[in-house]
Number of protein chains: 2
Amino acid sequence: MDEKRKAPKLRDTATVVPLPRKPGAALTITDVAEFAGVSKKTVSRVLNREPMKAATRAKVEAAIETLGFVPNVQARALAFRKNFVIVLFIHDSTSPMAMKFQRGVLSAIADSELALAVRPVDRESPDLLADIETFLGRQKPMGAIFLPPLSERDDIGEMCQRLNVRYVRVGSAPLDMMSRSVWSNDRDVVTAVVRDIVARGHRRIGFVRGPSGFRSAREREAGFRQALQAAGLPVDEALMVDGHYSFESGVSAGAALLDAPHPPTVIFASNDSMAAGVTRAAHQRGLSLPRDLSIVGFDDNPVAQQIWPSLTTVHWPIAEMGALAARKLVPDMLLGAGEDAADLPSMVESTIIPRESLGDAKQGKSE
Amino acid sequence: MDEKRKAPKLRDTATVVPLPRKPGAALTITDVAEFAGVSKKTVSRVLNREPMKAATRAKVEAAIETLGFVPNVQARALAFRKNFVIVLFIHDSTSPMAMKFQRGVLSAIADSELALAVRPVDRESPDLLADIETFLGRQKPMGAIFLPPLSERDDIGEMCQRLNVRYVRVGSAPLDMMSRSVWSNDRDVVTAVVRDIVARGHRRIGFVRGPSGFRSAREREAGFRQALQAAGLPVDEALMVDGHYSFESGVSAGAALLDAPHPPTVIFASNDSMAAGVTRAAHQRGLSLPRDLSIVGFDDNPVAQQIWPSLTTVHWPIAEMGALAARKLVPDMLLGAGEDAADLPSMVESTIIPRESLGDAKQGKSE
DNA sequence: CAAAAAATAGACACCGGTATCTTTTTGGCG
DNA sequence: CGCCAAAAAGATACCGGTGTCTATTTTTTG
C-alpha cells in the first residue's frame, strides 16, 4: 500500500497533532478511521450497523478490535439527541417489589448499550410533574417506566406524550394503550385464591385492604368480593379492614380482626408485608398457625419464605414485568432478529404459591 | 440563479436559519444568550457558577427562568469529558442490603444534577474486569462505587486509578485510602454483641459463618472469637458452622447446630437472612423462642422486624454508608458551602438493636 | 484625571459522534 | 469496451455545551 499523502486540510496540521496521542487519552472514531484507512463516516456506519460492503465492514471491525475502541456514549447521545438510558421512576425506593422490578429491567438491558437510571420522586409533592419533566428534559432518555402509584396518574402519561418521550406504565390493570402498559391479572388471581380458600372449608374470611389510592388495592378487593359472591358467601364488611401495605398496618389489622367477637378462620392480606404483620399479631396472641388461623398474602416478596410459617401467597411476577416493560419500551434495541414488538404480551400471569400458612378450616369451626 | 453552486460552503446562511425555531425544539444556551443580550460563554459561566458581576448573573438567570431553559447534560458531558453520573457496581442485585445502599446514594444526590446508574456484574465471570472497564469507558461517570464483594478486590481499584476514574470501596473494614473507602466497624460491634449475650448468662454460643470470600464474614467471625476470648470462654469449633449469607444456608446451619448432642442456647448468625433461617429451623423443631433458644443476627434487614420473634440484630447503617460514599465520591457537587471533604468520616458505627429474639439463658442450662 | 491593573465579556475552536450532500467506485448491459 | 445508474465512501456542517485567548470594561492608583 503506497499511501498517497493527500494534503491534510485538518486544522491541526502542524500545531496540535505532533504529539503521538497521550496513552491515557480516549480513542476516537477518527483514530479508528485512520487505522483502517477509511473515513469517519464509514466507521460510524459500522457502529450503527448500516448496510455496507462486507470487506469494508470487516476491515473496520478489525481496527476496532485491535485498538480496543469504545464509542463515546455522550457524543452519540448529543448527535442522536437521545441518551441511551431508560429512566425508572419510583415512589418508594425501599419497596422490595420496586427492587425486584428494577432487577428485571436490568436483566433485560444487561447485554445492550443501555443504562438504567433510577429516579425516586415524591408522589405527594405538588412539584411532581415538574420534577419529572425536568429530569426527562435533562436526561433525554430513550424512555421512561412508571411504577405504581405513579403509573396510575394519567397526567404523567399525557406529559410524556407532549414531551415526545416513550413510556410504559406498570400496574395491576391496563392503564394505557397496549404498547404503553404492562399489567398483571390481580383481580382474577385473587378470585382464584379465594376459591382455594373456600375449597378448604373456610367460611369466615378476613380481608386486609391496601391503600385505596393504589389501583392494585382496589383490584384485589374487587377480586375478593367477586369470589365471595361466586361462592355464595355473604360479604361481611366487619371482616374487611384497612391497611397501608405496611408491616405495621398489617399488625393493627390482624389485631382488629382477631380481637373481634367472631374472628375469621383465615385472613387474606392484600400484600405480603401486611400478611407478615397479621402473622405477628397471631403469634402475639399465642395462636398456632395454620391450625388456629390461616393467612394468605400477595406479592411473594422475600419475607414470604422467611417467616414462620412460610406464607401461602400469590407470586406477582414483577421482575418479569420489569424485563417486559424494558423490551416494550425500546424494542429496536432489546428484541432479537425474529421478534416483533407487536408480539410482546402486555399482561403477565400471577400464580398461586402454596406454602405453609394456608390450612384446612377446623372441623368444628366451619359453618 | 447566480449562486455559485460549485462551492456553497455556507449553505445555511439564508436557507435554513430563517425559520423561527420550531416550538417543540430544545432551547439552547444560544437562545438564552440572545434573550439576555449576552454571549454564549457568559451563560455558560452562570450555569457553572463561575465568579462574575452580580448584575449580569441576575440578567442571565432571569432569562433562564423566563424561557424555562434546561441545559443539555449530554452536551455538557461531552465538553467536560465527564458524565454527570455515578455508577454503582453490585454483585447481587437482589440483596436487600444493596437496595438500602442504593437508596442512601439516591438520597444524597436527589437535589443535585447527578444521576445514578446501577450496574450488576458477575463476580465469578472471568471478564469481570473487562466488563467494568468497558462500562466505565462508555459512561465516563463522575465516579464509581463498589459494594462487597467487588469492593474487596484490589485489582478493581487499581484499574480505576489507571483509567483515572474516581471510586469508593465499601466494606466492613478499611479497604483503600481514607478518601476512597467507607466502612463499618463490624468486628467491634460483634464483640459488643457477644458481650451482651454473655452478660445474659449464655455460655454455649453457636456461630453461623458467612461465606469466607466476604471480608464482612471474616471480620464478624474475628469479632466473635475476640469476644469469646475476652470473656474467657473456650472457642468451640463444633459450635461454628458455615453459611452462605442465604436464608436456606441459615436453615441448614440451624439444623446442624440444634440437632447436635449439646446444642447452644443462643446462635449468632453473621447476617439476618441466615438468622431467619435459624429461626425457621428452631420453629420446625417446636422450640419456643427466645425461651429455648436465643437468636441474634446482623444487618437489620426488613425481615428482622417481620419474623417472629422479631430479631435482635445489629443495625448496619448501609443507607447512611451509601449517602456517605456518594458525598465522598463527588464532594464538589454534593457538599454544602461550609463542608469540607476532608471532614467526612470514613467509618460509620453499627449499633445493636434489641428486639425479642435474645433472652436470658435458662437457669438450669447455664454453666 | 490619566494610565495601569484587574475583572469581565466575547469570538471561536473543540469535545466525538451523526446527517447531508458530494464524489468515487462498482456493476449491469447494450 | 463504454456508458450510466446504483451503491459505497468521503468531506463537512452540526448537535449544545466548555476552554482559551483576545477585546473590552471597570477598578485602582499615582
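A salt bridge, as I use the term today, is a side-chain nitrogen of Lys or Arg within 4 Å of a carboxyl oxygen of Asp or Glu. By that rule, a search of the whole structure returns 48 salt bridges over all chains. Please keep in mind throughout that this is a predicted model.

Let me begin with one of these pairs. Arg76(A) is bridged to Glu113(A), with the closest N and O atoms 2.9 Å apart. Arg76(A) belongs to helix α4 (residues 73–80) of chain A, whereas Glu113(A) sits in the loop between α5 (96–109) and β2 (115–120) of that chain, so the pair ties together parts that are 37 residues apart in sequence.

I turn now to the relation between the two chains. In general, two copies of a chain are related by a rotation about an axis and a shift along it. Here, chain B is superposed on chain A by a rotation of 180° with 0.0 Å of shift along the axis, and the RMSD is 0.2 Å. The two copies are thus related as by a two-fold rotation axis.

Through which surface do the copies meet? Of the interface residues of chain B, 100% are also interface residues in chain A, so the copies meet through the same surface. The contact involves 44 residues of chain B and 45 residues of chain A. The size of an interface is often given as the accessible area lost when the parts come together. For chain B and chain A, the area buried between them is about 4,000 Å², and 59% of it is on carbon and sulfur atoms.

As to specific interactions, two salt bridges are counted between chain B and chain A. A salt bridge joins the side chains of Glu356(A) and Arg280(B), at 2.7 Å from N to O. On the side of chain B that touches chain A, the elements giving two or more residues include α4 (73–80), α5 (96–109), α6 (128–139) and α11 (272–284) of chain B. Which element gives the most to that side? It is β2(B), with six residues. Sorted by class, the side of chain B that touches chain A holds 21 nonpolar, 15 polar and eight charged residues.

Next, the sheets. Strands of a sheet pair through backbone hydrogen bonds, either parallel or antiparallel. In chain A, four strands form an open sheet with parallel pairing, in the order β7-β6-β8-β9. Its edges are β7 (240–241) and β9 (294–296) of chain A, each of which pairs on one side only. Strand β6 (residues 205–208) of chain A pairs with strand β8 (residues 266–269) of chain A in the parallel sense, over four bridges. In this arrangement Ile205(A) is opposite Val266(A) in β8(A).

Chain B also has an open, parallel sheet of four strands, ordered β7-β6-β8-β9. There, β7 (240–241) and β9 (294–296) of chain B are the edge strands. Strand β6 (residues 205–208) of chain B runs parallel to β7(B) and is joined to it by two bridges. Phe207(B) stands opposite Met240(B) in β7(B).

I close with some backbone details in chain A. Most residues other than glycine have a negative phi, and most peptide bonds are trans. Against that background, the peptide bond from Pro148(A) to Pro149(A) is cis, with omega near 0°. Pro149(A) is in the loop between β3 (143–146) and α7 (154–163) of chain A. Leu289(A) and Pro290(A) are likewise joined by a cis peptide bond, with omega about 0°. The loop that holds Pro290(A) runs between α11 (272–284) and β9 of chain A. Finally, Lys140(A) is not a glycine, yet has a positive phi of about 45°. Lys140(A) lies in the loop between α6 (128–139) and β3 of chain A.

Notes:
Residues are numbered from 1 along each chain as its sequence is written. Chains are lettered from A and ligands numbered from 1 in the order in which they are written. This is a predicted model: local features need pLDDT of at least 70, side-chain atom pairs count only at pLDDT 80 or more; totals for chains, interfaces and linings use all residues. Side-chain values use heavy atoms; hydrogens and water are left out. Copies are superposed by least squares on the C-alpha atoms of residues with pLDDT of at least 70 in both. Contact means heavy atoms within 4.5 Å. Buried area is the accessible area (1.4 Å probe) that two parts lose on being put together, summed over both. Ala, Val, Leu, Ile, Met, Phe, Trp, Tyr, Cys and Pro count as nonpolar, Asp, Glu, Lys and Arg as charged, and the others, Gly among them, as polar. Two strands pair if DSSP finds at least two bridges between them.
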